[in-house]
Each structure stands twice: as C-alpha cells, then as structure tokens.
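Below is a briefing on the structure shown here.

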Amino acid sequence: MGERKHVREATRDRRARKAENGYPSCVFTHDSSRPVRRLVLVLSGAFSLVLAAAFLVPAAADTPAEWETEPTASALDFLLVLLIIPLALAAVITLLALLPSLAHDRGYEPGQSWRGESEWFGGPTKGVRTADEVTPEQVEASSRDSGGTSGRW
Amino acid sequence: MAGGEPFSSDQRAEIDRAIRGAETSCRFEFSVYVGAVGGQAHAFAQRLHASLSSPDRSVLILVDPAARVIEVITGSVVRRSLSDDAVRLAVAGMESSFSAGDLVGGIKHGVGQLAESARKPATLHE
C-alpha cells in the first residue's frame with residue numbers, strides 16, 4: 001500500500017491502474033483514455049480531407065479566353081500613392097514624435113543660469129512671507145543649539 | 001527665459017519625493033529653499049528655519065544658485081543624531097553636483113544623504 005502511494009505521488013496520476021502484464025505488483029500504466037484518442041483520429045482525418053480538396057480545386061479551373069485588361073492609372077493616382085500618401089504619413093509621424101518635447105516644459109536644465117523665482121519645498125503654506133513675520137526672539141530660540149554648515153561652489 | 005517657473009513639474013515632483021522619502025526614513029522635517037537670498041545668506045536661512053512649524057526637529061537646506069551659496073541649518077533635536085561633520089560631508093557632495101551644473105540631482109542626493117546620516121542611531125558607548 002505504501003509503495004503504491006509512493007508511485008502515485010511520483011507520477012502525479014490519481015488514476016494509476018495496475019497493468020495487466022502478469023507482474024506481481026506495483027507496475028502501473030498511464031495510457032490515455034479512449035475517447036481522447038478517437039477525437040484526435042477524427043480531427044486529423046478531417047484536416048487531411050480539407051487539405052486534399054484545397055490542392056485539387058485549382059486544377060479544375062478553365063483556361064483564360066483573353067488577356068486581362070489592366071486598370072489604367074492616371075498621373076494623379078501615381079502621385080497620390082507613391083508620393084503624397086508616404087510624405088503625409090512621414091509628416092504625421094514626425095509631428096507625433098516631436099509634439100511631446102515641444103509641449104513639455106523642461107524647467108531648469110544643467111548649466112543654465114538661475115531664472116530668478118524662488119521656490120520653497122516643504123515650507124509653510126504661506127511661503128517666504130512667513131519668514132518676514134518671524135520675530136528676532138523666535139530666531140534666537142530656534143537657533144539655540146542648532147547646527148549646520150554653509151558652503152560655496 | 002527670465003521669470004516663469006524655475007522648475008518643471010517633474011523636477012518639482014522629484015524634489016518633493018526626495019523630501020518625503022527623507023522624512024519617512026529619519027522622522028525629521030526637511031525643507032529646501034531654492035532662490036535668491038541677497039547677501040545675508042546665513043541670517044536668511046535662520047529666519048526661514050525659525051518660521052518652520054517645528055524648528056527643533058527640522059532641517060533647512062538653502063540653495064542660492066545665482067550666488068552659488070548653500071546653507072544647511074539643523075534644529076537642536078536633529079543635531080543630536082545629525083552631526084555637523086555629516087552635514088559638511090553632504091554639503092560637499094551637493095557642491096560637487098552643483099558645480100557640475102546638476103541642481104536637481106544635487107538637491108536630491110543632498111537630502112538623501114542628510115536623511116541617511118540622521119537615521120543612524122546614536123551610539124551609546126563612546
């Protein structure tokens with residue numbers, strides 16, 4: 001019993017059946033069930049029939065009675081297909097590729113001189129005006145024991 | 001290009017994200033001022049620092065790109081875990097970024113480095 005369970009775990013097959021081959025025990029087969037095999041046979045037969053029909057039909061076509069008349073193309077059609085449409089497509093694609101960089105504000109870029117406006121991140125909601133209202137006592141109180149450094153570049 | 005917005009919205013979002021990350025990692029308040037100061041940079045930075053909601057727990061970084069000046073003010077509580085030497089190191093890193101022309105990157109790295117230095121717990125055996 002323990003061995004059988006082991007074999008099932010190893011083969012991951014819940015339907016492991018004992019093979020009718022005369023061995024004493026513990027030989028199991030995993031042959032696919034009959035309906036599946038029949039379905040595969042039927043499908044492959046149908047597919048080969050369709051293939052054969054596809055090969056046979058062109059052979060039954062009649063010989064052409066006259067030359068085909070080619071459709072005439074005017075100069076305008078020629079220009080339209082070979083020049084105007086490709087050029088228009090190229091222009092549209094170029095425009096689409098350039099639009100984002102045209103519309104995007106790049107802001108401060110390395111090497112530019114500073115533009116003048118000041119900006120305070122993480123400051124009070126009123127901004128720099130708050131700093132104007134600070135009393136000397138407040139500055140004295142906050143700068144007691146405060147640290148920091150300054151630098152230049 | 002005089003006047004107008006100095007930073008694009010992307011750059012502003014990057015700096016905001018750096019500040020928020022720094023605040024969540026070390027539990028101190030960070031604030032970055034970028035702009036013209038005019039002469040008394042240190043006094044102006046102290047005024048800005050005093051006007052924050054809790055100056056003792058705040059770090060103020062002031063950058064004047066036109067005058068090429070950096071000021072960092074740390075509150076009295078922050079200073080216990082963020083030594084002035086660590087601040088000097090971060091400022092040196094910012095200076096090298098700024099001199100290479102990278103203002104936004106320098107601010108981001110400076111804020112991150114200050115937060116990283118402030119995050120380390122104070123050693124109890126010295």
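Which helix of chain B lies across strand 4 of chain A together with strand 3 of chain B? Helix 4 (residues 84-99) of chain B does, running at about 25° to strand 4 of chain A. This is a predicted model, in which local features need pLDDT of at least 70, side-chain atom pairs count only at pLDDT 80 or more, and totals for chains, interfaces and linings use all residues. Residues are numbered from 1 along each chain as its sequence is written, while chains are lettered from A and ligands numbered from 1 in the order in which they are written.

**Chain A**

- Chain A contains five helices and four strands; these are DSSP runs numbered from the N terminus, with helices being H or I of at least four residues and strands E of at least two.
- The order of elements along the sequence of chain A is α-β-β-α-α-β-α-α-β.
- Of the 153 residues in chain A, 5% are buried (20 or more other C-beta atoms within 10 Å of the residue's own, with C-beta atoms placed from the backbone).

- Five strands form an open sheet with mixed pairing, in the order 3(A)-1(B)-2(B)-3(B)-4(A); two strands pair if DSSP finds at least two bridges between them.
- Strand 3 (119-121) and strand 4 (147-152) of chain A are the edge strands, each pairing on one side only.
- From one strand to the next, the twist averages 10°.
- Strand 3 of chain A is antiparallel to strand 1 of chain B, and three bridges pair them.
- Glu119(A) has Val34(B) in strand 1 of chain B as its bridge partner.
- Strand 2 (residues 58-64) and strand 3 (residues 69-74) of chain B run antiparallel and are joined by six bridges.
- Opposite Asp64(B) stands Val69(B), in strand 3 of chain B.
- Helix 5 of chain B packs on the sheet, where it touches strand 1 (29-34) and strand 2 of chain B, and its direction makes about 155° with that of strand 2 of chain B.

**Helix against helix**

- The axes of helix 1 (residues 9-26) and helix 5 (residues 103-119) of chain B come within 9 Å and cross at roughly 5°; axes are lines fitted to C-alpha atoms, for helices over the stretch in contact, and angles run from 0 to 180 degrees between N-to-C directions.
- Helix 1 of chain B is therefore roughly parallel to helix 5 of chain B (angles under 35 degrees).
- By class, this contact of helix 1 with helix 5 of chain B has eleven nonpolar, three polar and three charged residues; Ala, Val, Leu, Ile, Met, Phe, Trp, Tyr, Cys and Pro count as nonpolar, Asp, Glu, Lys and Arg as charged, and the others, Gly among them, as polar.
- Helix 5 (residues 136-143) of chain A packs on helix 2 (residues 41-50) of chain B at an angle of about 90°, with the axes 9 Å apart.
- That makes these two helices, helix 5 of chain A and helix 2 of chain B, roughly perpendicular (65 to 115 degrees).
- Gln138(A), Val139(A), Ser142(A) and Ser143(A) of helix 5 of chain A make the contact with Gln46(B), Arg47(B), His49(B) and Ala50(B) of helix 2 of chain B.

**Contact between the chains**

- Chain A gives 34 residues to the contact and chain B gives 54 residues; two residues are in contact if their C-beta atoms, placed from the backbone, lie within 7 Å.
- On the side of chain A that touches chain B, strand 3, helix 4 (129-132), helix 5 and strand 4 of chain A each supply at least two residues.
- Strand 4 of chain A supplies the largest share of that side, six residues.
- The side of chain A that touches chain B has ten nonpolar, 16 polar and eight charged residues.

Methods: Parallel < 35°, antiparallel > 145°, perpendicular 65-115°, else oblique. Buried ≥ 20, exposed ≤ 12 C-beta atoms within 10 Å, placed from the backbone.
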